Each structure stands twice: as structure tokens, then as C-alpha cells.
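Subject: A structure for you to explore

Hi there,

Here is the structure I promised to pass on. Have a look around first, and then read my notes below.

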Amino acid sequence: MNFTWMVGLLMLIQPLSTQDHLSITHDGKPIERIERDKVAVPLLPVPMVDHDRYNLLLKELDNKTYREPINARIDKSGQIVPEQPGVKLYHKDFAEKFYTYFFNGGTSTLEIPTLPVPPRVDKELLATIRIKQIGHYHTVFNPHNKNRSHNISLAAESLDSSVIFPGEVFSFNQTVGKRTAAKGYMRAPIIVKGEYSEGVGGGICQVSSTLFNAVDNAGVTITQRYSHSRSVSYVPPGRDATVSWYGPDFHFKNTYSDPLLIRAQVHGGVVSVAVYSTDAIEYKPRRVPWASIDQLPKEKKIESHVDTEPAD
């Protein structure tokens, strides 16, 4: 019998008691308890579901059951770590079970139905696109500046194993995320309106600048890039890419017919970014100027302090 017709017939049944409840469980553990009268249209002789209240319930259950999928990635030893599927609420199945409870009456327990959420990147894809290196760049930094070195390592770790599909636009900010103390980022030198200062996340612009030169070397299309308000020492003049959560971002588009893989690694005082793809990719690399590695970038004396993260 059609589910809509079944609900219509049930609505003609004699009014039911509203004193019972529905216990909703997830993986066998209670996550919500619903009284029938809390989701019913009040003061009606025939029980009907209040759709606004029902939608609020769905929103709460979505938040409590959703588990984000985890993409496959490459670990520090070069091994592929398999993906992990996520979980989300199966709305259609839940609606059928919920309406059956609502119109049948009595107290009931409902194990919430879920659907798997596949990750964007699985281990088979990574194995396919890690074959050919099509772009590379590295820059040096002073490893004795512990805070800045720590920030560079955190940003590189967030960037590592990123996959950009054909036609997709990559955003540094969205990929690396907001740089906050809660995520482990520390205070280090930054550039604010042409002056050196200090802020949480100082150093991450060296990662974005290294990435810019690596993907430019791979011949991708740069769609958004901003330079610092003064020159930086880790790349040649005009070859930097400043980023800030509330300001500039760095974007590029994969105009190739194959996915791209970004590897970002830090070893000692060197941050290295490489771009990989399949062995069948047809690409047009560009020559990029290399930074001098004869000496480390000079340390900056910081006098003022800010709490924002404009750019470094």
C-alpha cells in the first residue's frame, strides 16, 4: 500500500492518547525522547504531525547522527591510509517509522536509520594519482624559530594529500582552515599593512607561497593571488601568495582532465610542495624562479602585538 494512503487512513482512526513517547536510539544508545503531543498539532480532534516541529526534530537528529567521512591520505612514511565512510540520517526510512509510531500509539523505541556517506577520495584514487610528479617547489626557513616552524608544519600537514578534481577550484583557506590557538597555532611574525607585527598563525604564508610556485610550475590556472604589502625573503620578488582567514586567499583551478594530488612536507628548515597526477596526464609545465637557498631568511624584531591573523 502506498505510504501516503496509509497515513491518510490512519488519520481517520479514533484520536489517540498523547501521553506516551518515542525513544530514539543510535548505535543502541538513547539520543532523543519525543512526547507525541510535542510534535502534534494542538487542539485537533484527529492527531496530525506539526511539520514545523517535525522538521526541527529532523535537524536535531541530523546534528546528532552525522559523522563526516574521512578521505584516504598518505602518511609520513609514504603509505596510503584508507578512507573511512561517514554516516547520515536516512530521512525517508525515518519518516515511515516515525509516522507509524505517531498514528499507532503506545510507547516505542526507534533505532535511527542511517545511510553511509562516501568520502571524496579513496585509496584506489590516491594510488592512481600519486604516480607522476608534474610540479614542485621548496623554500627554506629558520627551524630555530620554534613558533613559526610549528605553524608551518601544521599548515603543511593540513594541506598534504589534498586532491583537486578536474574543473575544481582549490582554496587555501578552506583546505587548511582557520588558524587559531585552539588548533595549535602559535604567535609568530606577520606583516600588517607593510609593517612587521606578531599574530597567531605567523608563518603559514610561506606554505601558501610555496604551494603557489609548485602549482604554477605544474601549469595550472591561478585564479586568485595577492602579494604581501612588502617583500618576503623566502621567495623571489612577486612570487609570494599572502593569505588570511578574514582577508586574502589563494585559489587555483585544475584545468586538466585528471585529478591532482598535493603533497606538502616539512623537513628541518625546508618546506616542500609537490604536485602529482596520473601517468597519462597531459600537462604544460611553466618555469618558475627559485629562491636563494644560500642563507636562511633573516629574523624580524617584533615590537607590536595583534590578536588577528592578517598575513605573514
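This is a predicted model: local features need pLDDT of at least 70, side-chain atom pairs count only at pLDDT 80 or more; totals for chains, interfaces and linings use all residues.

Which residue with a positive phi follows H7? That residue is Gly219, and its phi is near 85°.

**The chain as a whole**

You will find 7 helices and 16 strands in the chain. Of its 312 residues, 45% are buried. Among contacts with a separation of 6 or more, 74% are between residues 24 or more positions apart. The chain exposes about 16,600 Å², and carbon and sulfur atoms supply 53% of that area.

How confident is the predictor? The mean pLDDT is 85, and 83% of the residues reach 70 or more.

**Helix H7**

Helix H7 covers residues 204-217. Is H7 buried or exposed? Here 14 of the 14 residues are buried, so the helix is largely enclosed by the rest of the structure.

Helix H3 runs over residues 91-104 and has 14 residues. From its first C-alpha to its last, H3 reaches 20 Å, close to the 20 Å expected. Just after H3 comes Gly105, with a positive phi of about 80°.

Now look at which residues of H3 are buried: Phe94, Ala95, Phe98, Tyr99, Tyr101, Phe102 and Phe103. One aromatic cluster is formed by Tyr54, Phe94, Phe98, Tyr99, Tyr101, Phe102 and Phe103.

**Aromatic pairs**

A pair of aromatic rings is described by how far apart the centres are and by the angle between the planes. The count comes to 13 aromatic pairs. In one of them, Phe102 and Phe103 have ring centres 5.1 Å apart and planes at 85°, so this pair is edge-to-face. Phe102 is buried, with a relative accessible area of 0%, and Phe103 is buried too, at 3%.

Another pair takes us back to H7. The ring centres of Phe212 and Phe250 are 5.8 Å apart and the planes are at 75°, so they are also edge-to-face. This pair links distant parts of the chain: Phe212 is in helix H7, and Phe250, 38 residues apart from it, is in the loop between strand S13 (221-224) and strand S14 (251-253). Both Phe212 and Phe250 are buried.

**Two residues with a positive phi**

Asp27 has a positive phi of about 55° although it is not a glycine. You can find Asp27 in the loop between strand S1 (21-26) and strand S2 (29-35). Ser161 is not a glycine either, yet its phi is positive, at about 75°. Look for Ser161 in the loop between helix H5 (146-159) and strand S9 (162-164).

Which of these is buried and which is exposed? Asp27 is exposed, with a relative accessible area of 61%, whereas Ser161 is buried, with 9%.

Happy exploring!

Definitions and conventions:
Residues are numbered from 1 along each chain as its sequence is written. Side-chain values use heavy atoms; hydrogens and water are left out. Helices (H or I, at least four residues) and strands (E, at least two) are DSSP runs, numbered from the N terminus. The expected span of a helix is 1.5 Å times one less than its number of residues. Buried means under 20% relative accessible area, exposed over 50%, partly exposed in between (1.4 Å probe, protein chains only). Rings of Phe, Tyr and Trp (its six-membered ring) pair if their centres lie within 6.5 Å; planes under 30 degrees apart count as stacked, over 60 as edge-to-face and the rest as tilted. Contact means heavy atoms within 4.5 Å. Accessible areas come from the Shrake-Rupley method with a 1.4 Å probe; for residues, only the protein chains shown count as cover. pLDDT is the predictor's confidence in each residue, from 0 to 100.
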